[in-house]
Amino acid sequence: MDELRKNHILQIHSINAQAIEGIVIDYIDDRILVLICEESLSEAKKLEELDNLFVKAHTHCGIMSMKSTVISTIDTNNCIVIENSPVIPFEQKREFVRVLSSINFIIEKDNESYNCSCVNISAGGIAFVCRDREFNIGDIVTINLLERDFQKDITTKAQIIKTNEFDTVAKYLDLDKNSEDRIVGYVFDLIAKK
């Protein structure tokens with residue numbers, strides 16, 4: 001990822017661990033030294049050498065993504081080394097600003113509730129990981145975002161528009177204007193804190 005610089009924030013996803021946040025300490029052409037944030041240490045310890053990763057980076061050019069692998073597992077300084085790979089090209093221009101987030105929320109499908117972890121969020125949709133259920137493209141679900149993150153519970157229907165081994169993406173279908181404004185506010189609050 002040519003756009004990567006020291007102190008950029010990374011969100012790392014693996015099929016063996018929940019979202020892991022870290023900071024770029026150093027990098028060269030083929031590898032990146034990542035300091036794992038304290039709240040992600042327990043998840044980072046689940047990573048093994050050669051695990052496949054999906055990495056999102058906050059860069060000066062916006063949020064960039066790449067596929068990677070673990071080169072060295074967590075050390076005594078709470079650092080891991082991962083492969084530095086080319087950026088996954090953008091498939092389309094996005095209508096809404098999105099931001100990396102690791103909030104937890106609930107999805108309902110077929111009268112069952114599932115705890116999910118956010119990967120990124122915008123006022124148009126949400127990318128997430130759900131350990132308890134796999135979703136299919138076209139599935140209609142109900143997303144429940146919690147008051148603790150948005151000052152009010154937000155409930156909306158959404159359609160699954162993308163799935164892969166790392167995350168699932170849902171597009172909101174009936175988000176009201178007030179709820180959209182709350183999500184936009186949350187997104188810009190996170191951007192301001194980075």
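Mentor: A helix here is a DSSP run of H or I with at least four residues, and helices are numbered from the N terminus. Keep in mind that the model is predicted.

Trainee: What makes Lys177 and Glu180 a pair separated by about one helical turn?

Mentor: Both residues lie in helix α3, and they are 3 residues apart there, which means a separation of about one helical turn. Helix α3 spans residues 177–193.

Trainee: Why is the contact of Lys177 and Glu180 called a salt bridge?

Mentor: The cut-off is 4 Å between a side-chain nitrogen of Lys or Arg and a carboxyl oxygen of Asp or Glu. The N to O distance for Lys177 and Glu180 is 3.8 Å, so the pair is within the cut-off and counts as a salt bridge.

Trainee: Why do such side chains pair at all?

Mentor: Side chains of opposite charge can pair when their charged atoms come close.

Trainee: How do you know that Lys177 also forms a salt bridge with Asp181?

Mentor: The closest N and O atoms of Lys177 and Asp181 are 3.4 Å apart, so this pair also meets the 4 Å limit. Lys177 and Asp181 are 4 residues apart in helix α3, again about one helical turn. Elsewhere, salt bridges that share partners join Glu43, Lys46 and Arg131 into one network. The whole structure holds 8 salt bridges.

Trainee: Are Lys177, Glu180 and Asp181 buried, partly exposed or exposed, and what makes them so?

Mentor: Buried means under 20% relative accessible area and exposed means over 50%, with partly exposed in between. Lys177 has 56%, so Lys177 is exposed. Glu180, with 21%, is partly exposed. Asp181 has 41% and therefore is partly exposed.

Trainee: What makes the pair of Arg31 and Asp30 a salt bridge?

Mentor: The closest N and O atoms of Arg31 and Asp30 are 3.4 Å apart. That value is within 4 Å, so the pair qualifies. Arg31 has 35% relative accessibility and therefore counts as partly exposed. Asp30, at 39%, is partly exposed too.

Trainee: Why is Tyr114 called buried?

Mentor: Tyr114 has 12% relative accessibility, which is under 20%, so Tyr114 counts as buried. Tyr114 sits in strand β9, residues 112–121.

Trainee: How do you know whether Ile154 is buried or exposed?

Mentor: The relative accessible area of Ile154 is 1%, so Ile154 is under the 20% cut-off and is buried. Ile154 belongs to strand β12, residues 154–163. Ile154 and Ile143 are 11 residues apart along the chain, and their C-alpha atoms are separated by 7.9 Å.

Trainee: What makes the phi of Leu50 worth a remark?

Mentor: Most residues other than glycine have a negative phi. The phi of Leu50 is near 75°, a positive value. Leu50 is in the loop between α1 (41–44) and β4 (52–59). At 69% relative accessibility Leu50 is over 50%, so Leu50 counts as exposed.

Trainee: What is the phi of Asn78, and why is Asn78 placed in its accessibility class?

Mentor: Asn78 has a phi near 65°, again a positive value in a residue other than glycine. Asn78 is located in the loop between β5 (62–72) and β6 (79–83). Its relative accessibility is 29%, between the limits of 20% and 50%, so Asn78 counts as partly exposed.

Trainee: What makes Val97, Phe188 and Ile191 a nonpolar patch?

Mentor: A patch takes residues with over 30% relative accessible area and no salt bridge, and nonpolar side chains are joined within 5 Å. Phe188, in helix α3, has 44% relative accessibility and counts as partly exposed, so Phe188 passes the 30% limit. Val97, Phe188 and Ile191 together have about 250 Å² of accessible area.

Trainee: Which residues count towards the lining of the second largest pocket, and what is its make-up?

Mentor: A lining residue has an atom within 4 Å of a pocket point. For the second largest pocket, 18 residues line the space, and Val129, Cys130, Asn164, Glu165 and Phe166 lie nearest its centre. The lining divides into 7 nonpolar, 6 polar and 5 charged residues. At least two lining residues come from each of β2 (17–27) and β10 (125–129). The volume of the second largest pocket is about 380 Å³.

Definitions and conventions
Residues are numbered from 1 along each chain as its sequence is written. This is a predicted model: local features need pLDDT of at least 70, side-chain atom pairs count only at pLDDT 80 or more; totals for chains, interfaces and linings use all residues. Side-chain values use heavy atoms; hydrogens and water are left out. On a 1 Å grid over the protein atoms alone, a cavity is a set of points where a 1.4 Å probe fits but cannot get out, and a pocket is an open set with protein on both sides within 12 Å along at least five of seven lines; lining residues have an atom within 4 Å of a point. Grid points are joined across faces, edges and corners, and a volume is the space filled by probe spheres set on the points. Ala, Val, Leu, Ile, Met, Phe, Trp, Tyr, Cys and Pro count as nonpolar, Asp, Glu, Lys and Arg as charged, and the others, Gly among them, as polar. Patches are made of residues with over 30% relative accessible area and no salt bridge: like charges are joined within 9 Å, nonpolar side chains (Val, Leu, Ile, Met, Phe, Trp, Tyr) within 5 Å. Accessible areas come from the Shrake-Rupley method with a 1.4 Å probe; for residues, only the protein chains shown count as cover. Buried means under 20% relative accessible area, exposed over 50%, partly exposed in between (1.4 Å probe, protein chains only).
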